[in-house]
Amino acid sequence: MSPQRSLSTAASPLGWERTLAKLPDINGDVQDRLLDALRNHILCGDKNVRVYQSEDRSLDLIASAAEKARDVTSALTRRYPYSLTQDGLADVEPNQPEVVATVNTDGVLYVVFASNKEISIRHEIDRELVARALKAGNDELAETLRQSHEILAISIERRHAFDVVAVHKNFNFIEVRVDTFANEERSLRVHEINDAHHRIIQKFTEITDRPYLKRQMNLYPSIRNLLKIDDGNDGAKVRITKFGYVGSSGIARDERKPHGDVRSDPTHRAAYQANGADDESITPYDLEAQFPGVTIIGQPDIVLALHGTEAIGRSAHPVLDELTISKCIYESEFSKIMGAVYERIV
């Protein structure tokens, strides 16, 4: 079996096969670097993140409990760091996360969970096709179908998910990172993300026998200062591609510039001027930023999103308890972006 085949037949997560397809000639050195990138990608690729402050925890106990919970006979564990195929997932109980690895670095202890995550997919069915099929036996039902707005069906698709609990050693933070599959055709919806977080917290609490994840961090205060971010790395600016805020007049605005920077747009500057020189009169609630990434292959900018709502912006005590980072391969890049968020929570 060639090195390329040994990597690609695993149906790896988040489009990893598409990554391999860009590199038809893989030698041993490239294979090692790809495997390193894959292990990194599992920790940080396309994640919805919730952060918890945890004062009382023992890293040794967490690591020991996680290793004890790892079932070496499990198909998910045996396949790590690769993913099971759709056929392989058919034999794995759905939506039951299992510990498949612990990664212990200088700064963070990672507990990696894998699961057969089920995603519900809504399909619109051709009304006329169904109506014609029914007409011979039931004209009334056929006419009802023709007059309906839409006919929907729900199917279930399986995904090999990698969710991660990242316990910081030098700070009292624990991050729960849930796989969203944002880089695929169908990603998780809000209720499915909420369910996934609940399952990971429940499983982590069960295996550690401690309620470490209790006080959730409010990420909202970082939005205003992230608007002004500039990483200063070789002149490469972090671009703000989406920004939502409530102005002093009470009118909400959503600015979008996916291929540019909203801050360079004349309408953005005019809106700030209309609200006065002091931008404190503007209350932000939504932000997307694109960070340049450095990878071994051509990679789009990494996207950080703090998606709030207008109601959050109008609240007297705004709270935003999650963010997403997508199109990220390396943990070092992910940590840098999370650091930029933490530094701006004031």
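Tyrosine 342 is buried, with a relative accessible area of 15%, where buried means under 20% relative accessible area, exposed over 50% and partly exposed in between, with a 1.4 Å probe and protein chains only. The model is a predicted one, in which local features need pLDDT of at least 70 and side-chain atom pairs count only at pLDDT 80 or more, while totals for chains, interfaces and linings use all residues. Residues are numbered from 1 along each chain as its sequence is written, and side-chain values use heavy atoms, with hydrogens and water left out.

**Aromatic pairs**

- Five aromatic pairs are counted, under the rule that rings of Phe, Tyr and Trp (its six-membered ring) pair if their centres lie within 6.5 Å, with planes under 30 degrees apart called stacked, over 60 edge-to-face and the rest tilted.
- The rings of phenylalanine 173 and tyrosine 342 form a tilted pair, because their centres are 4.5 Å apart and their planes stand at 40 degrees.
- Phenylalanine 173 belongs to strand 5 (residues 173-179) and tyrosine 342 to helix 13, so this pair ties together parts that are 169 residues apart in sequence; helices (H or I, at least four residues) and strands (E, at least two) are DSSP runs, numbered from the N terminus.
- Phenylalanine 173 is buried as well, at a relative accessible area of 17%, and ring pairs link Phe171, Phe173 and Tyr342 into a cluster.
- The pair of phenylalanine 204 and tyrosine 212 is also tilted, since the ring centres are 6.2 Å apart and the planes are at 55 degrees; phenylalanine 204 is buried at 0% relative accessible area, and tyrosine 212 is buried at 4%.

**Nonpolar cores**

- The largest nonpolar core has 35 residues, and those with the most contacts inside it are Leu287, Leu304, Leu306, Leu323 and Ile325; such a core is a set of buried Ala, Val, Leu, Ile, Met, Phe, Trp, Tyr and Cys residues joined through side-chain atoms within 4.5 Å.
- Among the elements that give two or more residues to this core are strand 1 (47-53), strand 9 (283-291) and helix 13 (331-343), and helix 13 gives the most, with six residues.
- Leucine 304 touches residues including Leu226, Phe291, Ile337 and Val341, not counting residues up to four places away in sequence, where contact means heavy atoms within 4.5 Å.
- A second, separate core of 20 residues includes Ile174, Val176, Ile200 and Tyr212.

**Cysteines**

- The structure holds zero disulfides, a disulfide being a pair of cysteine sulfur atoms within 2.5 Å.
- The sulfur of cysteine 328 is 3.8 Å from the closest cysteine sulfur, in cysteine 44, and is therefore too far for a bond.
- Cysteine 44 is buried at a relative accessible area of 0%, and cysteine 328 likewise counts as buried at 0% relative accessibility.

- Strand 7 (residues 239-246) and strand 8 (residues 252-256) run antiparallel and are joined by five bridges, where two strands pair if DSSP finds at least two bridges between them.
- Lysine 242 has arginine 256, in strand 8, as its bridge partner, and glycine 250 takes a positive phi near 90 degrees in this hairpin, which has five residues between the strands.

**Asparagine 95**

- Asparagine 95 is found in the loop between helix 6 (86-89) and strand 2 (98-104), and at 19% relative accessibility this asparagine counts as buried.
- A polar atom of the asparagine 95 side chain lies 3.1 Å from the backbone nitrogen of glutamate 118.
- Asparagine 95 touches Asn116, Lys117, Glu118 and Arg199, not counting residues up to four places away in sequence.

Terms used
Polar contact = N/O pair within 3.5 Å; in protein donor to acceptor, adjacent residues only side chain to side chain.
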